[in-house]
Amino acid sequence: MAQKYRIYINEKVILLTESEPKKVESYECLDAETFDLKIIYTWILKHHSNLFYILCDDAKVFLKSVINNTTLIEAAGGLVKNEGGDYLFIYRNNKWDLPKGKIEKDEKVKVAAVREVEEECGIRVSKLGKKICNTYHVYISREEVVLKKTYWFSMKYKGTGKLKPQTEEGITDVRWFRKHHIDAILMNTFPSILDVLVKKDLIKDKPVPLSE
């Protein structure tokens, strides 16, 4: 099966793909040979289109080359499910999000994922499950273009304690959502979070480019 990867810049996405997107007319094509994330970042932000794609022979190899040529920051987080089947979300920067944070030096990815969820939500994770996916998004940090790779894991929570948002991290609310109430999240979240929800089959109607 052909590999596909998505790199997000705010609400925009660069699709790394080994075949043309299904709705190719909705996309702007970028040249694989001259692509440089640091150079093209500002241009993409100003461009009228939100959808871009790069056609490459091996999407995984191409992604590695992008990572090698960009400052990489690694983070980890989780999608937590309680015994009632509800899912845990945080509210930060005026959007619904999933708990996550930077991996500390010499820290294992799984350890970081659990730690960040516990710190940001005030809970104790009962069980760490399988990895859901990795997501990639780009932003400016200290006047430098950086690529953040986030490792997402399934988690379970058996407690009944009160949720406590980590306000020093800008989190103003932590809340459980029923599966059939997640539509409220979709209206005000980040595209990379949609990636995680699609992987867990929590979104029925997959938006472009997640439907590719």
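**Entry 1: before starting**
I remind myself that I am working with a predicted model.

**Entry 2: the second largest pocket**
I began with the space itself: the second largest pocket holds about 570 Å³. Which residues lie nearest its centre? I found N93, D97, K100, H137 and K148 there, out of a lining of 23 residues. Sorting that lining by class, I noted 10 charged, 7 nonpolar and 6 polar residues. I then looked up which elements supply at least two lining residues each. They are strand 1 (4-9), strand 8 (100-102), helix 3 (109-121), strand 9 (127-141) and helix 5 (191-199).

**Entry 3: helix 5**
Helix 5 was on that list, with at least two residues in the pocket lining, so I checked how covered the helix is. Of its 9 residues, 8 are buried, so helix 5 is largely enclosed by the rest of the structure. The buried ones are P191, S192, I193, L194, D195, V196, L197 and V198. After the helix comes D201, and I wrote down its positive phi, near 60 degrees.

Next I turned to strand 10, residues 144-157. Is it mostly covered or uncovered? Mostly covered: 12 of its 14 residues are buried.

I looked up two partners. Strand 5 (residues 71-82) runs parallel to strand 10, with 12 bridges joining them. In strand 10, Y151 stands opposite A76.

**Entry 4: R115**
Back to helix 3, which holds R115. Is this arginine buried or exposed? I get 16% relative accessibility for R115, and the cut-off for buried is under 20%, so R115 counts as buried. Its side chain makes a polar contact of 2.7 Å with the side chain of E107. Setting aside neighbours within four places in sequence, I list K102, E104 and E107 as the contacts of R115.

**Entry 5: P99**
P99 sits in the loop between strand 7 (95-97) and strand 8. Its relative accessible area is 0%, so P99 is buried. What does P99 touch, beyond residues up to four places away in sequence? I noted G77, G78, L88, I90, V117, E120, C121 and W152. I also looked up P99 and V174: they are 75 residues apart in sequence, and their C-alpha atoms are 9.3 Å apart in space.

**Entry 6: two loop residues with positive phi**
N10 lies in the loop between strand 1 and strand 2 (12-17). Its phi is positive, about 55 degrees, although N10 is not a glycine. At 52% relative accessibility, N10 counts as exposed; the cut-off for that is over 50%.

D106 lies in the loop between strand 8 and helix 3. D106 is likewise a residue other than glycine with a positive phi, near 65 degrees. With 75% relative accessibility, D106 counts as exposed.

Methods:
Residues numbered from 1 in each chain as written. Predicted model: local features only at pLDDT ≥ 70, side-chain atom pairs only at ≥ 80, totals over all residues. Heavy atoms only, no water. 1 Å grid on protein atoms, 1.4 Å probe; cavity = no way out; pocket = protein on both sides within 12 Å on 5 of 7 lines; lining within 4 Å. Points joined across faces, edges and corners; volume = space filled by probe spheres on them. Helix = DSSP H or I, 4+ residues; strand = E, 2+ residues; numbered from the N terminus. Nonpolar A, V, L, I, M, F, W, Y, C, P; charged D, E, K, R; others polar. Buried < 20%, exposed > 50% of the residue type's maximum accessible area, 1.4 Å probe, protein only. Pairing = 2+ DSSP bridges. Polar contact = N/O pair within 3.5 Å; in protein donor to acceptor, adjacent residues only side chain to side chain. Contact = heavy atoms within 4.5 Å.
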